[in-house]
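This report walks through one protein chain, from its overall build to a few selected sites. Keep the structure open while reading.

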Amino acid sequence: MNRISLSIVLSVILTLPVFLIAGDIDRWTPEYMISFKRVGSAEISPDGKWIAYTVSEPLTDGEKSEYLTHIHLVSADGTVQFQLTRGDQSATNPRWSPDGEYIAFTSSRDGNRSQIWFIRFRGGEAERLTDVKGGIRSYAWSPDGKYVAFTMTEPPTDEQEKARRERRDVRVVDEDFRYSHLYTIPFHEDDDGKREVQRITEGNFNIGSFDWSPDGKWFVFDHQPTPKVNDWVHADISFVPADSGEVKLLVDQGGMDASPFFSPDGKTIAFVSDGGEARWPRAFDIYTVPFNGSTSPVQLAETFDRQPSLVGWAADGKHLYYAETQRTSRRLFSIPVGGGNYRVVTTGNGVFGGFSIDKTETVLAAVHQDFDTPPDVILSDIDLFSPERLTAVNEGFDKFPKGKAEVIRYASTDGFEIEAPLIYPVGYDPDRRYPLILMVHGGPAGVYLETYTAASATYPLQAFAAEGYFILRPNFRGSSGYGQEFRFANIADWGYGDFEDLMAGVDYLIHRGMVHPDSLAIMGWSYGGFMSSFAITRTDRFKASIVGAGVTNLVSMTGTSDIPGFLPDYFEAEVWEDYDLFKKHSAMFQVDKITTPTLILHPEEDVRVPPSQGWELYHALFRRGIETQLVLYPRQPHGLQEPKFIVDAGQRHIDWLGRYVRNQDETGEGK
């Protein structure tokens, strides 16, 4: 076999094994784990008696490699469950009508653009509400249920369509934007059996989230100057009459002002803002402002992580609900509007998400998971949280012994306390020392949470555990979930302080006699890919590295990514202002130090971290004679989405580790 090779995945992977049924295998594998069903957000009915949720299943037969999503219903007592929507096109984003009679959803059935559909919750045929050219981005029922508002990217003009057909469709960068704007459509047909769409906003701005006023007469929305990802740093909040009219600015604090929500009495707007200090590691707070703009915005108490995601107002208007990461969990919190600290609503272990609350504000629905429990719909009294699990979407999936998972804590070299989920090898024997996978999350302001460890993913954790590996997933400095100071602690320091945090965790496990020092591997995606390439310029302790969609050259990344302001913000300088700084933190400028066999995986349609980042590292290692392989995944954006590619990546991880990371026992002899 060649020491150095290039594998470009050009189409459906023909070399994948046939998907096996559980009876044919006795352990977790990427092929088996891909059958895992994903559970989407829970939407509780206004009367609290039903919960709509989505289930996504992989389709992998023949030429198919996609997820099919449909809407399911479960009664509040869990006794009745059924699938509501069907068909070969996904149905997503369920929303109950205010009277609880209908469920709206988005789907691209009957065409290739996302439209709004609706169906009676007791069943029947779905009907299409919209037939627009631009495709639906988001939508919301009016409070009285007579209208549905939605945002849509402006469709191409007739002249633009003509230019495309005639092959004259040149594109001038940062010009000719197609903006997202706000529209409404009546729910009921007129006397002629039609529904006329009304455009509410127009102009050179791009709308993100919006909210109806309680009386249905106004919209409040956030907007940025262009659709460019980088322009989130200039988001403002405005309002407009619900039947269209003049757009008026309400909040502009100089940075990001977003996610506005009307209070129940319509007099106050809640929103999140960075207070004019827009930074990529993100630090923002909850504010309120009178809808009439009579006084300036008021900041509420700081939240745990200063990254709250607003869920909405309490019915009494005295406090707000928001979701936020807290260490290795994600929870629902409430915070009083009149002053005072936050309260944790969803107590207990694991990760909570997809929150919704009934109209009387007595019952909360959500999706919950933990290390050992797959995601399912839960229901609880909102004041005295005691969740009941209503669904068992993946019943029968958890067939094999799993490696134990726990959160460990250790001290880094300069005293930072680091938390890390740790997955043990299946059948762990404390008298043995095992090989270790050091897994690095993206961001760098990502975070490893207490999520179900047997879920299908690019990194199939329990498949690694079944192969006899420890998997260490540190939340190093720069991670979310531990407060602003910790999240900002790797500013202009990528690959140094955070690298020490990672290696301290490795040495902690070696010191405890759990891991063999000569059987180490490192892998990660995005920022994790950055670290997997940079770490091997700083140490030769790793027997293998796997770089997933990794940033390998900060200089070229800055000029080719769709977020050109990202790295200059993190390093507090432009490339031309401090070229040496960007070189110092780039694997490509230290590539002569790399001796580690390196597998490089990269999506071909990645605009966040362009594939050229993978090519640069591959060419350098190839020319230096280092064992390497580059695998490209067509059609994929920054993360892998097609099930067959997810299986392929998982198996390639296992094969690369098996080739270069030796199983060692305490005597150093291979096992």
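The accessible surface of the protein chain comes to about 28,200 Å². Carbon and sulfur atoms account for 46% of that surface. The model is a predicted one.

## Overall build

The protein chain holds 11 helices and 38 strands. Its radius of gyration is 26 Å, close to the 26 Å that the globule rule gives for 671 residues, so the chain is as compact as a globular protein of that length. The C-alpha trace spans about 80 × 60 × 60 Å along its principal axes. Of the 671 residues, 57% count as buried. Sequence separation in the contacts was also computed. Among contacts between residues at least 6 apart in sequence, 57% join residues at least 24 apart.

## The cavity

How many cavities of 30 Å³ or more are there? The count comes to one. The largest cavity has a volume of about 40 Å³. Helix 1 (30–33) and helix 11 (643–660) are the elements that each give two or more residues to its lining. The lining residues are Pro30, Met33, Ile34, Ser456, Ala457, Pro460, Ile646 and Val647. Seven of the lining residues are nonpolar, one is polar and none is charged.

## Backbone exceptions

Most residues other than glycine have a negative phi, and most peptide bonds are trans.

Arg167 has a positive phi of about 60 degrees, although it is not a glycine. Arg167 sits in the loop between helix 2 (158–165) and strand 13 (180–186). Is this residue, Arg167, buried or exposed? Arg167 counts as exposed, because its relative accessibility is 69% and the cut-off for exposed is over 50%.

Ala549 is also not a glycine, and its phi is positive at about 45 degrees. The loop between strand 36 (544–548) and helix 7 (554–560) holds Ala549. With a relative accessibility of 0%, Ala549 counts as buried.

Gly443 and Pro444 are joined by a cis peptide bond, with omega about 15 degrees. Pro444 lies in the loop between strand 33 (434–440) and helix 3 (461–466).

Asn490 is found in the loop between helix 4 (484–487) and helix 5 (497–511). The two residues are 46 apart along the chain, and their C-alpha atoms are separated by 8.7 Å. Leaving aside neighbours within four places in sequence, Asn490 is in contact with Pro444, Arg477, Gly478, Asp498, Tyr527 and Tyr570. Asn490 counts as buried, at 0% relative accessibility.

## Arg109

Arg109 is in the loop between strand 8 (102–107) and strand 9 (115–120). Arg109 counts as buried because its relative accessibility is 16%, and buried means under 20%. Beyond residues up to four places away in sequence, Arg109 touches His70, Thr85, Arg86, Gln89, Ala91, Trp117 and Ala126. One of these partners, Ala91, is 18 residues away in sequence. The C-alpha distance from Arg109 to Ala91 is 8.4 Å.

## Gln636 and Pro637

Gln636 is in the loop between strand 38 and helix 11. Pro637 is in the loop between strand 38 (628–633) and helix 11 as well. Gln636 is buried, with a relative accessible area of 1%. Pro637 is partly exposed, at 29%.

Their contacts, again without residues up to four places away, can be set out in turn. Gln636 touches Pro603, Glu604, Glu605, Asp606, Gln641, Glu642 and Phe645. Pro637 is in contact with Pro603, Glu605 and Asp606.

## C-alpha distances

| Pair | Separation in sequence | C-alpha distance |
|---|---|---|
| Arg109 and Ala91 | 18 residues | 8.4 Å |
| Pro637 and Val607 | 30 residues | 7.0 Å |
| Asn490 and Pro444 | 46 residues | 8.7 Å |
| Gln636 and Arg168 | 468 residues | 27 Å |

Notes. Residues are numbered from 1 along each chain as its sequence is written. This is a predicted model: local features need pLDDT of at least 70, side-chain atom pairs count only at pLDDT 80 or more; totals for chains, interfaces and linings use all residues. Side-chain values use heavy atoms; hydrogens and water are left out. On a 1 Å grid over the protein atoms alone, a cavity is a set of points where a 1.4 Å probe fits but cannot get out, and a pocket is an open set with protein on both sides within 12 Å along at least five of seven lines; lining residues have an atom within 4 Å of a point. Grid points are joined across faces, edges and corners, and a volume is the space filled by probe spheres set on the points. Helices (H or I, at least four residues) and strands (E, at least two) are DSSP runs, numbered from the N terminus. Ala, Val, Leu, Ile, Met, Phe, Trp, Tyr, Cys and Pro count as nonpolar, Asp, Glu, Lys and Arg as charged, and the others, Gly among them, as polar. The radius of gyration is taken over C-alpha atoms; the globule rule is 2.2 Å times the number of residues to the power 0.38. Buried means under 20% relative accessible area, exposed over 50%, partly exposed in between (1.4 Å probe, protein chains only). Contact means heavy atoms within 4.5 Å. Accessible areas come from the Shrake-Rupley method with a 1.4 Å probe; for residues, only the protein chains shown count as cover.
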